[in-house]
Amino acid sequence: MNELCRLFGGIIRSKKTFIVSQERKNWQSKLGFILAASGSAIGLGNIVFFSSNAYQYGGGAFYLPYFLALFVLGLPIMMMEFGLGTLTRQSFPLALRKLVGKKGEFFGWFSIAGSFIITMYYVAILGWACGMLLGTFGSLFEPGITAPFTPFETPTESVSSTVFFFNMIAGWQPLILIFIIWALNVLILRKGTHSIERAVRVFVPLMWIFMIGLAIRGLTLDGGFDGVMFLFTPDFQGIAEPNVWRGAFSQMFFSLSLGMGIMTAYASYLPKNADQVNNSLLVSFLNCSFEFIAGTAIFSLLFVFALNPAGTSLSLSFFVIPQGIAGLSTLPWVVRLFGFIFFLLIVMAGLTSSVSLMEAFVSAIIDKLKLKRNKALIYVAIVGLIGSALFSLPQIIDAGLSGNGTLGLTLLDLMDHWVFNYSLLIVGLAEVILIGWVLGADRLREALNEHTKLRLGKWFVGLIKYVIPVLLTVVIVSSLISEYRPNGPDGGLLYGSNYEMPGWEWLPVFIPIFWLVVSITFSYLLTNRSNK
Amino acid sequence: MKKNTLLTYLLLLAPFLLSAQIQLSNEEPVAGEPVTITLAQAESQVVVAYRPNSSVVRRDTLRADSPSTEFSWTPEKAGVVALSTASASKNVSVRFQGFSYSGLIVMLLAGGILFGGVIFAFRVLFRKTKPGEGIDFDPSTRPDT
C-alpha cells in the first residue's frame, strides 16, 4: 500500500482526498455494482447493433474481429477505466487530472461532452421505443394505418411497423415520452448509488429473463434453429475488409460503455481495494453473453420470416423485428405480448444505459463544481431534454413535414456519425497514451495488482502502451480517410452531403464543426475553472 | 431527406407488397436442392442476392433465352436470400442441408468462451481471499451509507 501511495504521489491518503472519500457514497454490495455496470454496458447496442453488425459482416466470421476487440481492446481499457475510479475515487475528468494533470482533465471533459450528446439522442430513441411500446396496446400490430406524408398516406393492407413509426414521430407524443424518460433518469439518480442499485436490481434480471424468453420463442419456431446457424456459420468473404474490423472495434467500445467516463464514475463509488481486474472480466463477459443470446433471438426471427436488416440498427429495432413479431402467432394477444416484451426490453436496457451516461456527467460536475446532486440533476436534465426534443421532433425544423418527416432522423444520423464514430475512439486513444506514457502503464498495473486475485502480467503494459494506441490510430485514420469519397455511393465530401434538405444544405458541414467547437470550448472552460 | 433512407423504407415495404408475384415450388427451399421459381409476369432474368444488404452480399443471375415465367434455381448457400425481377421482389429463407457443422463449432466456441468467462469471473468474485492476496470488498469502508 505504501508503494501505491508513493506511486500516486500520496494522493490516496492525502487529507483532501480523504474528505472527498468521506462524502462519497458507496455501492451497497458487489452485486449492486456488477448489475449497475453491466446494466450500463447492456443497452440498445447489444440488442440490435450487434445483430446488425453480425449480419453485415459475415455472421460467425464477425466473431473473429469481435473477440480480438474484446480481449485486446475492450478488457484492458475497462480495467484501466475501473482502476482510475477506485484509485482516485473521482469522476472521469478529475481522476485523469489527479493522475496525469490538466491535459488529462481536458480529455475527460471532452469525453463527457461526447457522452452527453449521445445521451440526448439516446433518450430520443428511447422515447420512440416507448411510443412503440404503447403502440402494442394500440394499432402497431393492426392493418389500415397511415402516416401524414408521402409515401405512407394510403391505409396499409397488412401490419406495418414502419408506417406506425412514422405516424408516431409526426405527432407530439414523442416529446411527452422523452420528458418521461428524462424524469425517470432523474428519479433513478436522485439518491446516487442507492437509487441506481434499487433500479438495476429490478431492471437487469428482467432484461435477462425477457431476452432468454425471446430467444426460446425464436428457437422453437419452425426454422428457428436454422436462423441461429445462419448467425454462427462463418462467411469469410469479407473478413479482409477494413470496415469489418472498424465495425468490431467501434461496436466493442460502445457496447462496453468505454471512452464515456461511465465506468470510472461507477467505479469511484467502490472501495479502493475492489478487484477491478475481475470486475472488468465479469462486466465484459456478461455484456457479450447478453449479445450472444440477443443474436440468437433476433436471427431466428429474421430467418423464419425471411427478413433482412436493411439500413441501420434503428430500422432493425423499429421496422424489421416488429414485422417478425407480428408473425409470431395468429393470436393477436400473443403478438401484442411479445411486442410488449421486446419494446419493454429495449426501454429497460436503454434506461439502465442512459442512467449511467447521465451519472458520468452529473458526478463529474458535482466533483468539479461541488453542486448538490439534485441541483446538478435538474440542470443536466433540462439541457438534455431540450437536446432530445431537437433530435426527436421533425416538426421543429420542418413544420409541414414536407421533407417526408425525417429531418429529425437526419439530424440524429449526422450527429451520431461524428460523435459515435470519433469521440469515443479519440478519448480512448488519449486515455491510453496519457495513462500508458505519462502516468506509466506499469504503475497502473501495479496498482491494479494490489487488490486482485488475477494478477496482470507484463502483457497489460504492452497492450496499453503500444498495441491499443496503434490499433485505435489505425481505426481513426482509416475512418477519416473513408470520409472523403466524392465519387462514392453516398457522394459529397462530408458525410450527409447528399441529403436533400432545401435550406438546410449547410447542416452536414455544421454538425461536425458544432460538435468539435462545443466539446472543445466546454472542456477548455471546465478544465481551467478552479476546483471549488 | 436522404435518398437512400427513403429507398430503404420503400425496400422494407416492397417485399410485402410485391412478394405475391414470385412463387416458389417449395417455399422453404433447402441449400443444394433445386426449386422452381414462378413469376406472375414473364421476365428475362431473376437476380438472386445471398445475404442481401450486407457487406458480404453475393449476387447470381438466373437468365432465360426469352422472357419466361418459370426459372429453375438451386440455392448455393443457406440464409436469407432476396429474389428480384424488374417488377417484383421476394425474400426467402434457404434452409441448411443437414447440419451446419461450422456454425455449430462457432456457436459452441463463442458460447463456451463467453459463458465460461462469466462463470469463472463469478467464482473469483465470491472466492474467499487468501491472506496477502488482497483485501476484498469490506463493508466497513462505506462511511456514508
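A residue here counts as buried when its relative accessible area is under 20%, as exposed when it is over 50%, and as partly exposed in between, using a 1.4 Å probe and protein chains only. What you're looking at is a predicted model, where local features need pLDDT of at least 70, side-chain atom pairs count only at pLDDT 80 or more, and totals for chains, interfaces and linings use all residues. Residues are numbered from 1 along each chain as its sequence is written, chains are lettered from A and ligands numbered from 1 in the order in which they are written, and side-chain values use heavy atoms, with hydrogens and water left out.

**The two chains**

- Helices (H or I, at least four residues) and strands (E, at least two) are DSSP runs, numbered from the N terminus.
- Chain A has 21 helices and 0 strands.
- Chain B has 2 helices and 5 strands, and starting at the N terminus its elements go α-β-β-β-β-β-α.
- Next come contacts, meaning heavy atoms within 4.5 Å. Take the contacts in chain A between residues at least 6 apart in sequence: 79% of them join residues at least 24 apart.
- In chain B, 55% of the contacts between residues at least 6 apart in sequence join residues at least 24 apart.
- Accessible areas come from the Shrake-Rupley method with a 1.4 Å probe, and for residues only the protein chains shown count as cover. Chain A exposes about 17800 Å², with carbon and sulfur atoms supplying 67% of it.
- For chain B the accessible surface is about 7700 Å², and 57% of that belongs to carbon and sulfur atoms.

**Salt bridges**

- Side chains of opposite charge can pair when their charged atoms come close.
- The rule used here asks for a side-chain nitrogen of Lys or Arg within 4 Å of a carboxyl oxygen of Asp or Glu. That gives 13 salt bridges over all chains.
- One of them pairs Glu105(A) with Arg97(A), at 2.3 Å from N to O. Glu105(A) is buried, at a relative accessible area of 0%, while Arg97(A) is partly exposed at 28%.
- Glu105(A) also bridges to Lys368(A), and their closest N and O atoms are 2.8 Å apart. Glu105(A) sits in helix 7 (residues 102–135) of chain A and Lys368(A) in helix 16 (residues 332–369) of chain A, so this pair ties together parts 263 residues apart in sequence.
- Both Glu105(A) and Lys368(A) are buried.
- Another salt bridge joins Asp442(A) and Lys458(A), with 3.7 Å between the closest N and O atoms. Asp442(A) lies in helix 19 (residues 407–449) of chain A and Lys458(A) in helix 20 (residues 458–483) of chain A, 16 residues apart.
- Asp442(A) is partly exposed, with a relative accessible area of 32%, but Lys458(A) is exposed at 57%.
- Shared partners join Arg97(A), Glu105(A) and Lys368(A) into one network of salt bridges.

**Helices that pack together**

- Axes are lines fitted to C-alpha atoms, for helices over the stretch in contact, and angles run from 0 to 180 degrees between N-to-C directions.
- Helix 7 of chain A packs against helix 8 (residues 161–169) of chain A at an angle of about 120 degrees, with the axes 10 Å apart. That makes helix 7 of chain A oblique to helix 8 of chain A; angles under 35 degrees count as roughly parallel, over 145 as roughly antiparallel, 65 to 115 as roughly perpendicular and the rest as oblique.
- On the helix 7 side of this contact are residues including Trp128(A) and Met132(A), and on the helix 8 side residues including Phe164(A) and Phe165(A).
- Helix 15 (residues 313–326) of chain A and helix 16 of chain A have axes that come within 9 Å and cross at roughly 150 degrees. They are therefore roughly antiparallel to each other.
- Among the residues that meet here are Phe318(A) and Ile321(A) in helix 15 of chain A, and Phe338(A) and Phe342(A) in helix 16 of chain A.

**A closer look at Val228(A)**

- Val228(A) lies in helix 11 (residues 224–232) of chain A, and at 2% relative accessibility it counts as buried.
- Not counting residues up to four places away in sequence, Val228(A) touches Leu219(A), Thr296(A), Ser300(A) and Met107(B).
- Val228(A) and Phe303(A) are 75 residues apart in sequence, and 8.3 Å apart in space from C-alpha to C-alpha.
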